[in-house]
Amino acid sequence: MPSLVELVYSTSISHSDPADRACLIVGQVPHVKKVSFDRLEAILSPRVDEKTFRLAVDTLQFSSIPSNSCSTCSLWLNNAFVAGLPPYASRHNSDARPHALHRAVQTTLCGTKDEIILIVCERRNAFASACAVARAYPKFNLKSGEQKTRTVTVEFAFVGEDEALSEEEAKAMTSAAEGIRLAAEIVDTPCNQMHTDTFSTTFELWGKNFTSSRSLFKEKISWKKDLGASMELARLPSTLRRWPSSVTLRKERQNR
């Protein structure tokens, strides 16, 4: 079952009431303290004032042992949170703390309505942070019951500068997020659903997003060299028989 979450990367901080759209403000504590509350007020008012926000940030604490865990504090019921990323980064992590950011998004928000994720960071860490958020919203799931379509908007507040995210940066983040979520969908889907035919169809649909200078070539692989594997596959019912196939995305050279 495909996910019903639409991931949007915004170039500006939107105006919203936490009662209508849940929000999460996440970043390293020193960075969150440096950002003026006037920039954050748009997604917190009228439920949270500056004094409450500053008191909540001061409560964020970390142990002396490096880890990927984050510290969170509720600002208003279950609809507004502030999360601090750990101050430590090992050689397996990066300055953006993507592992901790991914965990903060997964464990903090309820996931029942439209949400806003405001990331406070340096501009050089924006792309890594955007990819970390995309990992938290896989496309494939097998949850039962009725699921509503919701929109998750990712916004940025950069430390030390007032310049917002550019359109080109937002498009790059959107493309990267689609690739991450598609890769996770292929891995998470069971083999009885993501067989060779479905994989080929998914690849063809994905390839249509490219320009006309690229072409798709699909062919079935012959198993004549491996007679045993061919016989085992032939014994399966026709409804379960999926022959191996090869799909190649090839860029055509333009004549000069």
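**Figure 1. The residues lining the largest pocket divide into nine nonpolar, six polar and four charged.** (Ala, Val, Leu, Ile, Met, Phe, Trp, Tyr, Cys and Pro count as nonpolar, Asp, Glu, Lys and Arg as charged, the others, Gly among them, as polar.) This is a predicted model, with local features needing pLDDT of at least 70 and side-chain atom pairs pLDDT 80 or more, while totals for chains, interfaces and linings use all residues. Residues are numbered from 1 along each chain as its sequence is written, and side-chain values use heavy atoms, without hydrogens or water. The volume of the largest pocket is about 500 Å³ (the space filled by probe spheres set on its grid points, joined across faces, edges and corners). A pocket is an open set of points on a 1 Å grid over the protein atoms alone, with protein on both sides within 12 Å along at least five of seven lines; lining residues have an atom within 4 Å of a point. Of the 19 residues that line the largest pocket, Val5, Gly111, Tyr137, Lys143 and Arg150 lie nearest its centre.

**Figure 2. One cavity of 30 Å³ or more is found in the structure.** A cavity is a set of grid points where a 1.4 Å probe fits but cannot get out. The volume of the largest cavity is about 70 Å³. Which residues line the largest cavity? They are Gly27, Gln28, His31, Leu85, Asp95, Ala96, Leu101, Ile119, Val120, Cys121, Asn125 and Ser129. By type, six of the lining residues are nonpolar, five are polar and one is charged. At least two lining residues come from strand E2 (22-28), and at least two from strand E5 (115-121) (helices, H or I, of at least four residues and strands, E, of at least two are DSSP runs numbered from the N terminus). E5 provides the largest share, with three residues.

**Figure 3. Tyr137 and Phe156 have the most contacts inside the largest nonpolar core, which has 31 residues.** A nonpolar core joins buried Ala, Val, Leu, Ile, Met, Phe, Trp, Tyr and Cys residues through side-chain atoms within 4.5 Å. Strand E1 (5-9), E2, E4, helix H4 (98-108), E5, helix H5 (126-135), strand E6 (150-158) and helix H6 (167-188) each contribute at least two residues to this core. Among these elements, H5 gives the most, five residues. A second core of 23 residues is separate, and includes Cys23, Phe37, Ile116 and Val159. Now zoom in on phenylalanine 156. Beyond four places in sequence, phenylalanine 156 touches Tyr9, Ile13, Leu118, Ile119, Cys121, Ala126, Ser129, Ala130, Leu165 and Met173 (contact means heavy atoms within 4.5 Å).

**Figure 4. Helix H5 is mostly covered, with seven of its ten residues buried.** Buried means under 20% relative accessible area, exposed over 50%, and partly exposed in between (1.4 Å probe, protein chains only). The buried residues of H5 are Ala126, Ser129, Ala130, Cys131, Ala132, Val133 and Ala134, and they pack against E1, H4, E5, E6 and H6. Is phenylalanine 127 partly exposed or buried? Phenylalanine 127 sits in H5 and is classed as partly exposed because its relative accessibility is 41%. The C-alpha atoms of phenylalanine 127 and alanine 176 are 8.9 Å apart, although 49 residues separate the two in sequence.

Figure 5. Asparagine 79 counts as buried because its relative accessible area is 15%. Setting aside neighbours within four places in sequence, the contacts of asparagine 79 are Pro18, Ala19, Arg21, Ala22, Cys23 and Lys113. Leucine 77, by contrast, is exposed, at 59% relative accessibility. Its phi is near 50°, a positive value in a residue other than glycine.

**Figure 6. Here are two backbone details to look at: arginine 97 has a positive phi, and the peptide bond from serine 45 to proline 46 is cis.** Most residues other than glycine have a negative phi, and most peptide bonds are trans. Arginine 97 is not a glycine, yet its phi is about 55°. Arginine 97 belongs to the loop between E4 and H4, and is buried, with a relative accessible area of 6%. At the cis bond from serine 45 to proline 46, omega is near 0°. Proline 46 lies in the loop between helix H2 (37-44) and helix H3 (50-58).
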